[in-house]
Amino acid sequence: MYKTVETMEHTIEALGNNKLFSLTFERMLEIESNKNSDLKNLSKNECNEIIKGIIEDAPFEELYEWILDADYLDEPFFGGDIVQCMFPQYNKKAEELDKIYNVVNFKPHENEAPVFFVDTSITGSRTSGLLVTTKGLYRKGKGMISLSANMPVEIDKLMKEIKVKHTCVLSFNGPKNEFYDIVELFQIVYIFNAMRYKQGEAVDEYVNPFSVDENGNLNYNAAIAQEQNRKRKESDQLNDSGVRQSSKPSSFIGIIIWIIIIFLIFKGCSS
């Protein structure tokens, strides 16, 4: 079972504001509710229990494959600027994933799985870009930036840039609609891999070394910065267990439960 770092309300609100997430599962609900009218007759208490269950128990791999299969992502997500790593069978052409991993110096930590790669090279040669994994972000010639709870993320839609922990990790030259999809997919990866943690595990929360006092002055705490750097170096220690195997959705019943949950989230759980 997983627990959320943020409150359940914050998690639900974040998912509700994610258009890619809502479109995917509202469409699945529309299809399945036509087959089973009982899906619409749950009480509010039943709604709340199911919502709690999805936030704590839903496997990320299943969620991600349903999104790939829902046909709401633009074509570049299947072989253009975007390379699928977790489920490479969705790419339109064969990709040299090992070459991509070497370019960004990706070596998996324990239970870490690559999710998708954004190509930023001019020729589409996969020689530069951003690799998003279940634990962090990798770029050519740069160290890993680990995903952590409450980390600062800035989205510049005008410049098509993503900044994580005050570092620009992606400057995208492609279409805006494609950039928006990247942002929303990255948000889903973050919510289900960094905002959740298994019971009993330590939570790696980001502490900002910069602060603003009552006079508006920017202050820097070197001790906090050193501690954050120490934690990052510890998290970068490699583990020989390698990349976990991705799994396809476990059962049709599981998909139906997911559909019910997402519907209740976006429709207010009215009984």
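## Basis of the description

The model is predicted, so local features are taken where pLDDT is at least 70 and side-chain atom pairs where pLDDT is 80 or more, while totals for chains, interfaces and linings use all residues. Residues are numbered from 1 along each chain as its sequence is written, and side-chain values use heavy atoms, with hydrogens and water left out.

Helices (H or I, at least four residues) and strands (E, at least two) are DSSP runs, numbered from the N terminus. Axes are lines fitted to C-alpha atoms, for helices over the stretch in contact, and angles run from 0 to 180 degrees between N-to-C directions.

## Helix 4 against helix 6

Helix 4 (residues 60-68) and helix 6 (residues 176-193) have axes that come within 10 Å and cross at roughly 165°. That makes helix 4 roughly antiparallel to helix 6, a term used for angles over 145 degrees. The crossing of the two helices is right-handed, meaning that the near helix is turned clockwise from the far one by less than a right angle.

Helix 4 contributes F60, L63, Y64 and I67 to the contact, and helix 6 contributes L185, I188, V189, F192 and N193, where contact means heavy atoms within 4.5 Å. By class, this contact has 8 nonpolar, 1 polar and no charged residues; Ala, Val, Leu, Ile, Met, Phe, Trp, Tyr, Cys and Pro count as nonpolar, Asp, Glu, Lys and Arg as charged, and the others, Gly among them, as polar. Helix 4 is largely enclosed by the rest of the structure, because 9 of its 9 residues are buried (under 20% relative accessible area, with a 1.4 Å probe and protein chains only). Among the buried residues of helix 4 are E61, E62 and E65, as well as W66.

## Helix 1 against helix 6

Helix 1 (residues 8-16) also packs with helix 6, at an angle of about 160° and with the axes 11 Å apart. That makes helix 1 roughly antiparallel to helix 6, and the crossing is left-handed. T11, A14 and L15 of helix 1 make the contact with Q187, I191 and F192 of helix 6, giving 4 nonpolar, 2 polar and no charged residues by class.

An open sheet of 5 strands has the order 2-3-4-5-6, with antiparallel pairing, where two strands pair if DSSP finds at least two bridges between them. Strand 2 (82-84) and strand 6 (145-146) stand at the edges with a single partner strand each, so one side of each is left without a neighbour in the sheet.

Within this sheet, strand 3 (residues 114-119) and strand 4 (residues 129-133) run antiparallel and are joined by 5 bridges, with P114 opposite T133. Helix 6 packs on the sheet and touches strand 2, strand 3, strand 4 and strand 5 (136-139), and its direction makes about 155° with that of strand 3.

V164 of strand 8 stands opposite T167 in strand 9, and V153 stands opposite V164.

Definitions and conventions:
Parallel < 35°, antiparallel > 145°, perpendicular 65-115°, else oblique. Buried < 20%, exposed > 50% of the residue type's maximum accessible area, 1.4 Å probe, protein only.
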